[in-house]
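Subject: Structure handover

Hello,

Here is the structure I promised to pass on. Please open it first, then read my notes below.

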Amino acid sequence: MAPKAAPPKGSPGGFGGPVRPSDTKRTFARLLSYLGRSKHLLLLVFVFVAFSSLAGIIGTSFVEQITDEILLPLIGTQVTADALAPLVKILVSLGFIYAFGAISSYAYSRIMLQVAHKTLNTIRADLFNHMMDLPISFFDTHTHGELMSRYTNDTDVLRECISQSFVQLVSSVVTVVGTFAMMIYFSPLLALFVVIMLILAFFIIKALGKQSAKYFRAQQQCVGKVNGYIEEYIEGLKVVKVFCHEDSAKSSFSQINDNLRHAATNAHTYASILMPIMGNISYITYAAAATLGSLAILKIPEDSFFSLSVGALFTFLIYTRQFFQPITQISQQFNNIIAALAGAERIFEIIDTPIEADDGYVTLVNAKKNEKGEIVECEERTGMWAWKHPHGDGTLTYTEWKGDVRFENVTFSYDGKKTVLKNVSLYARPGEKIAFVGSTGAGKTTITNLINRFYDVDEGKITYDGINVKKIKKAALRRSMAMVLQDTHLFTGTVRDNIAYGKLDATDEEIVAAAKLANAHSFITRLPDGYDTMITGDGANLSQGQRQLLSIARAAVADPPVLILDEATSSIDTRTEHLIELGMDKLMEGRTVFVIAHRLSTVRNSNAIMVLEQGEIIERGDHDDLISQKGKYYQLYTGQFELD
Amino acid sequence: MIKALLKQTKGYRLLSLLSPLLILVEVYMEVQIPFVMADMVNKGILGGEGINYIVTEGLKMVAMALVSLLSGAGAARFAAKAGMGFGANLRNSIFSKIQDFSFANIDKFSTPSLITRMTTDVNTIQMGYTMVIRIVVRSPLMFAMAFRYAYAINAELATVFTVAAPALLGLLGFIYIFAMPRFKRLMKKYDGLNASIQETLIGARVVKAFVRAKHEKEKFRISNDELRDASIAAEKLVILAGPFMQITVYGCTIAILWFGSNLVINGSMELASLTAFITYIHNILMSLMMISMIFVMATMARTSINRVLEVIKEVPDINDDGADPSLTVADGSIDMENVCFKYKKNGKKNVIDNINIHINSGETVGVIGGTGSAKTTLVQMIPRLYDVTEGVVRVGGRPVADYTLKNLRDSVAMVLQVNLLFSGTIEENLRWGNKDATTEEIENACKIAQAHDFIASFPDGYQTNLGQGGVNLSGGQKQRLCIARALLKSPKVLILDDSTSAVDTATDAKIREGFKANHGDITTIIVAQRISSVQHADKIIVLDDGKINAVGTHDELLGTNEIYTEVYKSQQEGVEE
C-alpha cells in the first residue's frame, strides 16, 4: 500500500543525513502513534516549552521600557529611591516572569524525560516481543549483527530524536515566531531588513545542506567499507599471520581508510561550517540593524510609523542575537528526525514481519484412563498425556501420546528453488532410534527442522501419533520433543537455571535427577558453587563436553517422548563423547530418538539408519543390514578403518 | 596518554593549530561588535557625533562580522580536515599494530573487543578531537574576551560575573559528580540488555525448540524496565543543567539591569553600554556551559582513549629481531627440545610440558589426544605463532627464531582449526597461498584437496564470489578450500590442525592419498580426532595433558598404549562384532 516512496523533499533546512527512510510519512505517523500514547503529557510539554520560550522573549522586551521610561529621563539626575521605584517594580515582575520560565523549563524537561523513556521502552519491548514470535527462518536469514543494530544504533538515534528534537523544534519555532513578532512590534523597518537577511540565510542553509547530504552519503559508504574490512581482517587475523599477508592487508586498508578520511572531511566541513556562518550572519544583521537603527533614530521624525526609540533599538538588537540560532537549530533537528525515521523504519520493518503462523488446533493435555478404559482429559499430572483433537462437527477425540513419527513422501525446499529433501518417507515407532547419515548438505538437519515445524513441508506430510503435524499447535508439538544441538547455546544464569530451561517449573529434585541422568551431576557438584555456579558468555567457563552434558540435562528435565540429537557430539573428542554417550543412552531409553551424526560409531546401535544423499534416502536398514548391503554405508563405515 | 595521542596528529599539526588561531580571530571580532555598537550609539546618538560617525562605525562592525565569518568558516574546514586526518591516522596505526600482533597478543584482547576499539572507540576520539580544536579553544577564549570587554565597559558591574560564574560552575559540577555514577550504572544496564538480546538471538533455535518465547519476553521486560528506570534516574539530574543555566542568566540580567541602571543614572556608565553588557552575559555563561560539556565529553572519551592506547602501546611479542633475513628453511625436518609453554608468563601450570621430538623431512606425523591435551598449541609453535616458554623448536636444523617470520611461515604452511575465507572470489582466496600461481597450479592444488569438483560445479567456478567469511559454502567445503590454499604455498612443512573434521571419511581418505601421491616430500603434521586420519602416519604422537604419552606407529601403539587404544575402540566399536 505504501506508494513507491518519493525521495523525501529536503526540509527547509534539509541537512540531509546519511540514510533516509524510504517512506517518511508513514514511518513518521507510526512514530507519532507511539508518542501519542502519552499525548496528554506531550501537550503539557508543548505548553511548558512555549511558556519557557515566551518568558525569555517577553523578559527581553522590558529593556525598552527601562531604557526609554526610566533611564533616558533620569540620566544625569540624582539617584533617589523614589525615582527608582518604577524600576524596582519592573524588575520584580521581570523576576517573576523569569522564574516562571525557569520552572517551565524544568517541568518540560522532566515530563519529556518520562515520555521519551516510556516510548523507547515500549518500542524496544514491541520489537523484542515480536522478534520472539518470528519463525526460525527469519533468524536463519538475518545476521545477528544486523538484528542487534536495531537495538543499538537504530534505538540510539531514535532516543536522541524523541528526547531532544520534539522539544527543540517546538522551542525553536516558538522563539522564532515570538521574536519576529516582537521585532515587528518594535521596528517594522528593521524587521523588514531582518527578513532580507533571513532569506539569505535560508538559501545558504539549503545550498550547504545539499552539499552536506551528498558528502554524508559518500562518507556512509566509506564507513561501511572500512568497518567491513576491519571486521573481516581482525576476525581472520590468524589466517593473515599464517599466510604472511600483513603488508598487503595494511596497504589495502590504508587506501580505503584514506578514502574515508577524504569523504569524512568534506562531510564534516559542510556540517560544521553552518554554525559559524549562521552565527556571523546574525552578527552582520546585528551590526547593520544597529547602524540602520541609529540612523533611523536620528533621521526619522518621531511621529512616523517607522520611528524608533533608543530603547526599542536596544531591545531589537538583543532580539536579533536570539533570532538566528533557533533557525540553525531547526535545520539541524530536521536532520536528526530524518536519521531517526530511517532507524525507526528499520525497527518497524521487523515489527511488520509476519509472525510464525500457527493454525494448529490439536493440543496436548494431561490424561488418564477412566474405568471403561477410555482416555479422558484431567487437570492433574498423571504422567500420561493425550492429544486433544477437536473436530469440525464439534466432537473431541483423545489420542494417547506415544511418539510415533512418520514421513510420507516429504519434499521440501528452503527457497522454493533448490530441493533439499526429495520424496522422503520413513517411520519411527515409539521408542525407536532412527539415525541419519550423510555428507554436509545432504538434508539431515532439514529433517529435524521439519519434525518440529521450524519449517513446513512443501509436499507430502508428517504425522505424529497419526495426526498431521500441521494440525498440532506448535507449542504443544515442540514441548513434546527435546533437542540437543551441536551448538549448546547455554544462557547467562546459573547451572540450575540452564537445566530448568527445559522445564521452567522443575523442582530441585527433578533438576538433580536430570543432571544425574545426563552424567552431569558429578562435574556440577565439583564446580565452585555447584548448581548455583554462574554460566557466562554461552558457557565459556565450561569445557565443551561439560556444556554438552548440561544441554543433555536440559533435554532430560523436559522429559519428552521424542528426542532429536543434531550432531550433539560432533565437536567433542571421542573419549569425552564416550562419557556423554553414557548419559545419552539413559536419556534415550524408551523414547523415539532421531540422531544426526557424522561419526558412524554414534549411530551404530540405531533401529534404523537412513543414508541421505542430496535429499534422498539412498539406503535404509539397521547397521547389520546396511553392512551386508555393501553400499554407501558400508563404504563410509569401512572407510573409517580402511587399512589400505 | 596525551603524548601518545599527539603522535597520531602527524601531518595535521599545522591544520590543528591553524584552526584555533582562526577561532581566536573569529572570537576577537565577534566580541568586539557589541562593544563597537555601544560606542556608536553612545557617541553617535546620545553624544551627538552624527551620521558620519554612525556610518563609519557601522561599516566597521559589518567588516568585523565578515572577517569573523570567514575565520569561523575557515576554522571549521581546518578542524574537519585535522580531525578526520587524525582519525584516519589513528585507524591506520591500530590496524597496522594489530596486523603485527602475535597470536598471544590477539588472545589478550579478543576479536570483538579489537573491532569495537577500531570502530566505535576511534569514532568517539575523532569526534572529540574535532570538538577539542574548535570548542575547547573557543569557549575559554569567548569567556576571557567577553569578560575583558565587559570589564572594560564597567569594572564594577563585571563583578556580577565573579559571583555568577563560580555559582554556575559549582551547580554544574554538582550535577556532574552525582550523575556520573548513575550513568555508569546506566551503561552497565545497557550493555547487559544488549548482551542478553544477543544471547537470545544466537540461541533462537533453543528458545523455539523449548517453546520459551514467553520466558524470554519476561526476562527482557525486566531488563528493559530496569534500563528505563536507570535512564530516568541518570538523566533527571542532567536536565537540571538547563534550568540552572537559565536561572543564572536571568539572575545576572536582573542584577545588571538594577546595578547598571544606577550606574547609568549617576553617569558612571553610558546607556548603550548597558545593552552591550547584557549581550555579554550570554556569551560568558554560555561558554561556561560549553566548558562543562567538554568536561563530560572528555570523561566519556577517556575510556575510549585508554582502550585505543592499550592496543597501540601493545608490543608484538613475536618479531624479526635477531633473525637473519637471508636465511631460508633448508628442509622439512623438525626438532623440539625440552619445549615448555604457558599462555601466561605467570601461569602456574605448563600447557606444554617438556616435549622432545624429532621429525624427519618428508615424514607424515599424526598428533592425537583429547580436547585440552594441547595438540593445537604444540603445532602452533612450529611456524612460531607462539613462542616457546622454555626449550627450542628447530625447523630445517635452525631455531625458528633465526628465520624471518616471512621466510619461516612461507615454508611452514598451516591450516587452522577455524577456517576463514575472505570476501572475494574463490580464486582470489586461493591466491593467498601464492599470488603468482598459474591456473594449472591452482586447479592442481584444488584437485588434491578434493575441492576442484565442487568448485567446478558452481556456475562461476573459480570466480564464484564468497561473502564475508565464505558463508555460502559448507563447513567441509571451506576446509577443503583452506587446504588447497595452504598447498599453493608449496611449503616444506604442512600442518593440518583438525582440518578435515567436517569432511566425510571417504573424502578425507582421498585427500590423504592425494598428499602422498603429489607431495610425498612435504613434512605433514596431522592433528586429528579421528584415528583414521592419522593411522597411516609414519609416526603418531599421543598427547595427554601437554605431555607426550607415547610415540609410535599405529601398529605399535594399538594394544600397548592405553589412550590410543581407548580412542581407537571408541571409534570402531561394533566393527568386529
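Start with the layout of chain B. This is a predicted model. In chain B, the C-alpha centres of domain 1 and domain 2 lie 52 Å apart. Domain 1 of chain B covers 1–148 + 300–317, and domain 2 covers 334–572.

Chain A is assigned domain 1 (20–187 + 329–356), domain 2 (188–307), domain 3 (363–400) and domain 4 (405–639). The C-alpha centres of domain 2 of chain A and domain 4 of chain A are separated by 58 Å.

Next, the contact between the chains. Chain B puts in 130 residues and chain A puts in 126 residues. On the side of chain B that touches chain A, helix α3 (residues 51–100) of chain B gives the most, with 29 residues. That side of chain B has 63 nonpolar, 44 polar and 23 charged residues.

Now the cores. The largest nonpolar core has 269 residues. Which residues touch the most other members? They are Met37(B), Val367(B), Ala484(B) and Ile495(B). Helix α10 (residues 310–352) of chain A supplies the largest share of this core, 22 residues. Met37(B) has contacts in both chains: Ala290(A) and Leu317(A) on one hand, Met61(B), Ala272(B) and Ala276(B) on the other, not counting residues up to four places away in sequence. A second core of 89 residues is separate, and it includes Tyr501(A), Ile511(A), Ile617(A) and Ala204(B).

Then the sheet in chain B. Six strands of chain B make an open, mixed sheet in the order β6-β9-β10-β3-β11-β12. At the edges are β6 (412–415) and β12 (547–552) of chain B, each pairing on one side only. Direction ignored, neighbouring strands of this sheet are turned by 15° against each other on average.

Take the β6 end. β6(B) runs parallel to strand β9 (residues 493–497) of chain B, and four bridges join the two.

Strand β11 (residues 539–544) of chain B has five of its six residues buried, so it is largely enclosed by the rest of the structure. Strand β3 (residues 364–368) of chain B runs parallel to β11(B), joined by four bridges. Val365(B) has Lys539(B) in β11(B) as its bridge partner. With β12(B), β11(B) pairs in the antiparallel sense over five bridges. There, Ile540(B) is opposite Gly552(B) in β12(B). The hairpin of β11(B) and β12(B) has two residues between the strands, and Asp545(B) takes a positive phi near 55° in this hairpin.

Gln463(B) sits in the loop between α15 (452–457) and β8 (465–466) of chain B. Is Gln463(B) buried or exposed? Gln463(B) has 12 C-beta neighbours inside 10 Å, so it counts as exposed. Apart from neighbours within four places in sequence, Gln463(B) is in contact with Thr425(B) and Glu427(B). Gln463(B) and Ser261(B) are 202 residues apart in sequence, and C-alpha to C-alpha they are 84 Å apart in space.

Best wishes

Technical notes
Residues are numbered from 1 along each chain as its sequence is written. Chains are lettered from A and ligands numbered from 1 in the order in which they are written. This is a predicted model: local features need pLDDT of at least 70, side-chain atom pairs count only at pLDDT 80 or more; totals for chains, interfaces and linings use all residues. Two strands pair if DSSP finds at least two bridges between them. Axes are lines fitted to C-alpha atoms, for helices over the stretch in contact, and angles run from 0 to 180 degrees between N-to-C directions. Domain bounds come from an automatic or database domain assignment. A nonpolar core is a set of buried Ala, Val, Leu, Ile, Met, Phe, Trp, Tyr and Cys residues joined through C-beta atoms within 7 Å. A residue is buried if 20 or more other C-beta atoms lie within 10 Å of its own, exposed if 12 or fewer, and partly exposed in between; C-beta atoms are placed from the backbone. Two residues are in contact if their C-beta atoms, placed from the backbone, lie within 7 Å. Ala, Val, Leu, Ile, Met, Phe, Trp, Tyr, Cys and Pro count as nonpolar, Asp, Glu, Lys and Arg as charged, and the others, Gly among them, as polar.
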